[in-house]
Amino acid sequence: MRFSRRGILPALAGGLVTAGAAAQPVPPGGDDDDPPMALKLIVLDIGGTLIGDHGEVPDAMLGAFARKGITVTPQEFSGWRGASKRGMVKHFVEDRGPRDGRAALQEAIYADFAATASKAYQNVQPIPGAEKALQELAAMKLLLATTTGFDRLLTTQVLSHLGWQKYFVASITSDDVVDGRPAPYMLFRAMEAAHVNETAQVLAVGDTPLDLQAANNGGMGAAIGVWSGAATESRLRQERNSGVLPSVAELPGLIRRGLPLSHCR
């Protein structure tokens, strides 16, 4: 089945943004045959999208590599923003580590990173306006979930500190899938947990090119970039997207306005 190219965001305004809302007709003059489908699920990245990004992750990761004698430059790390942190460690150990003892070295580097990141995030603060945005989206009867390159322990720490578990039907981590971003598997796991069958009913939000790539690779209904974290506005706009915003705080307003933005399909 082919879904309307205009079918997601134009249908989001006002009362149309409800789980299971009735499909609306394509506007006159539309070039698509199928009616739009209602938005049901918003999947949000965590670091840089919901919580502040002040360099805690790169500092922790680059330090962990350096303490084990592996050099990774900040420029190299930037290409892995949004990816599985375990996957990143595995990549650089296999690329630059010794031939022997790689598995143990990977575990040691990751444990160092995780301990440093956990300490750095003990008093993590949300992106300004993020919690209000979650409350507004929930009031629209939208299901919410998170995905992240963090592991389960760090994700639980962050969401527990903020008291935000109540907002999400699922919190999917890189531990839950075989491959992290740009693979779309975390998004699919969020859909499964939310009992949402159609990718066209899902809007994904993130602050890195890999977030947008994962949404596109999975055929999500819409992919929104936010430049509150790792990537600049100009870099995010280089990826196929449905819109680029200063932060997640702007998302409820975008949905209410129902701007005629293209999406991933």
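How many salt bridges does the count come to? In this predicted model, the count comes to twelve salt bridges.

**View 1. The largest nonpolar core comprises 51 residues.** Ile 42, Leu 44, Phe 65, Trp 164, Phe 168 and Leu 251 have the most contacts inside this core. Helix H1 (residues 56–67) gives the most to the core, contributing six residues. Another core, of 22 residues, lies apart from it and includes Ala 190, Ala 194, Ala 214 and Met 220.

**View 2. Contacts of Ile 42.** When neighbours within four places in sequence are left aside, the residues in contact with Ile 42 include Leu 137, Leu 144, Leu 203, Val 205 and Ile 255.

**View 3. Thr 173 is placed in strand S3 (residues 170–173).** With 0% relative accessibility, Thr 173 counts as buried. Beyond its neighbours within four places in sequence, Thr 173 is in contact with Thr 148, Phe 150, Asp 151, Arg 152, Thr 155 and Met 186.

**View 4. A salt bridge joins Asp 112 and Arg 67.** The closest N and O atoms of the pair are 2.9 Å apart. Asp 112 belongs to helix H4 (residues 102–120) and Arg 67 to helix H1, so the pair ties together parts that are 45 residues apart in sequence. Arg 67 counts as exposed, at 51% relative accessibility.

**View 5. Lys 90 and Glu 94 form a salt bridge (2.8 Å, N to O).** About one helical turn separates Lys 90 and Glu 94, because they are four residues apart in helix H3 (residues 85–96). Lys 90 is partly exposed, at 41%, and Glu 94 is partly exposed, at 37%.

Methods. Residues are numbered from 1 along each chain as its sequence is written. This is a predicted model: local features need pLDDT of at least 70, side-chain atom pairs count only at pLDDT 80 or more; totals for chains, interfaces and linings use all residues. Side-chain values use heavy atoms; hydrogens and water are left out. A nonpolar core is a set of buried Ala, Val, Leu, Ile, Met, Phe, Trp, Tyr and Cys residues joined through side-chain atoms within 4.5 Å. Buried means under 20% relative accessible area, exposed over 50%, partly exposed in between (1.4 Å probe, protein chains only). Helices (H or I, at least four residues) and strands (E, at least two) are DSSP runs, numbered from the N terminus. Contact means heavy atoms within 4.5 Å. A salt bridge is a side-chain nitrogen of Lys or Arg within 4 Å of a carboxyl oxygen of Asp or Glu.
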